[in-house]
Amino acid sequence: MSKKRTWNKEKPRKLSLVELEEKYGSTDAQIKFFLNIKWPEGFECDFCHCHEYYLIKRTTGIKNNYILECKDCGHQFSLLSGTIFDNSNLTLWQLILAIYLFFVQNKGISAVEMGNLINTSSKTAGKWIRKFRILMAESNNDHLLESKFYDLDILEVGGKRPGGKRGKGADKSPVVIILGTTQDNKYPTFVKLHALMNHKSASIKKWMRKHVKLDKSTVINCDKDTSFNFLKKIVDLHSAKVNYKEKDHKLYWQNVISGNIENNIKTIYHGVSKRDLPLFLAEQEWRFNHRFTGKNIMNKIIKYLRKSKPLRNSAVINVLNLYESKFLKS
Ligand SMILES: [Zn+2]
């Protein structure tokens, strides 16, 4: 078996549910986790800069209503306000579990499944899935894809008809996939995915210029597709019909990843609507690019959470509507 086919085995072990419980099972540890998001350097009063506080649990019916009261001046600060968890009515442990379940699962998790596991409705779980996907999208956008070799293709991904039915008649959307490899057709590094409004070169070009490092020495392999002809002037474009039955055929890893994405749509999410597609793709991209993140996953996520702002459901819907209107225009 060639080395490139065994890359899966090199993945480090992930944080187990048992370890998560050991680390964050106590209320104290949970409070510390969220305190660390809001005050990375430890608590500091905005008014008198005192570092000491009294912890108060308000019994208002909201399960996570923890207040830090400055020992010096008495000003009160909510543990979760100003963070993405503002306005949530889940317990701290449910929130930590939701983060863990979504970010640590290899293939993702459906709203129904998450709702069952954290003991909330699938509607609430679905809201968190969208918010976490936005965090993943933000993390993806911080990274430029940089490689000497790339595999490039356009996939037809989707779909879900209004009413949730999949299958015949469900309209698929074109998605550009570009995978960096350290050698020609070998050793995949990072991937980028992008939902296209159409197959026109102009939209592919605009997006690639922003997210992928390209120059004359860059080798790009693609299956004969005229949408990529513009690249001839920019890179060393190897455009040839790929025989997918051939052993070690071109675009091998790109094809594996595309197959996994299709499979995740079918088996986990049971279809993805057009408006959810960009965030779904952000999730798939993030998962692949973080496949080697082992046990310190929660520390990585804390960094995303620190950068995040309160995200009301209406704001999430605005993001989705924005994508939808873009698609409808095409
Ligand atoms: Zn104070």
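Predicted model: local features only at pLDDT ≥ 70, side-chain atom pairs only at ≥ 80, totals over all residues.
**Entry 1: a strand pair.** I started at isoleucine 67 and found that its bridge partner in β3 is serine 78. Numbering runs from 1 along each chain as its sequence is written.

Next I looked up the two strands: β2 (residues 66-70) and β3 run antiparallel, joined by 3 bridges. Strands here are DSSP runs of E, at least two residues, and helices are runs of H or I, at least four residues, numbered from the N terminus. Two strands pair if DSSP finds at least two bridges between them.

I then traced the open sheet of 3 strands, which has the order β1-β2-β3 with antiparallel pairing. Its edge strands, each pairing on one side only, are β1 (53-57) and β3 (76-78). I noted a twist that averages 30° from one strand to the next.

**Entry 2: α4 on α5.** I checked how helix α4 (residues 111-118) packs on helix α5 (residues 122-141): the angle is about 110° and the axes are 8 Å apart. Axes are lines fitted to C-alpha atoms, for helices over the stretch in contact, with angles from 0 to 180 degrees between N-to-C directions. I therefore put α4 and α5 down as roughly perpendicular to each other (65 to 115 degrees; under 35 is roughly parallel, over 145 roughly antiparallel, the rest oblique).

The contact takes in Ala111, Val112, Met114, Gly115 and Ile118 from α4, and Ser122, Thr124, Ala125, Gly126 and Ile129 from α5. Contact means C-beta atoms, placed from the backbone, within 7 Å.

**Entry 3: asparagine 221.** I ended on asparagine 221, in strand β7 (residues 219-222). Asparagine 221 is buried because 23 other C-beta atoms lie within 10 Å (20 or more is buried, 12 or fewer exposed, in between partly exposed).

Leaving aside neighbours within four places in sequence, I found asparagine 221 in contact with Asp151, Leu152, Asn185, His238, Lys250 and Leu251. I also looked up aspartate 153: its C-alpha atom and that of asparagine 221 are separated by 8.6 Å, with the two residues 68 apart along the chain.

Conventions
Contact = placed C-beta atoms within 7 Å.
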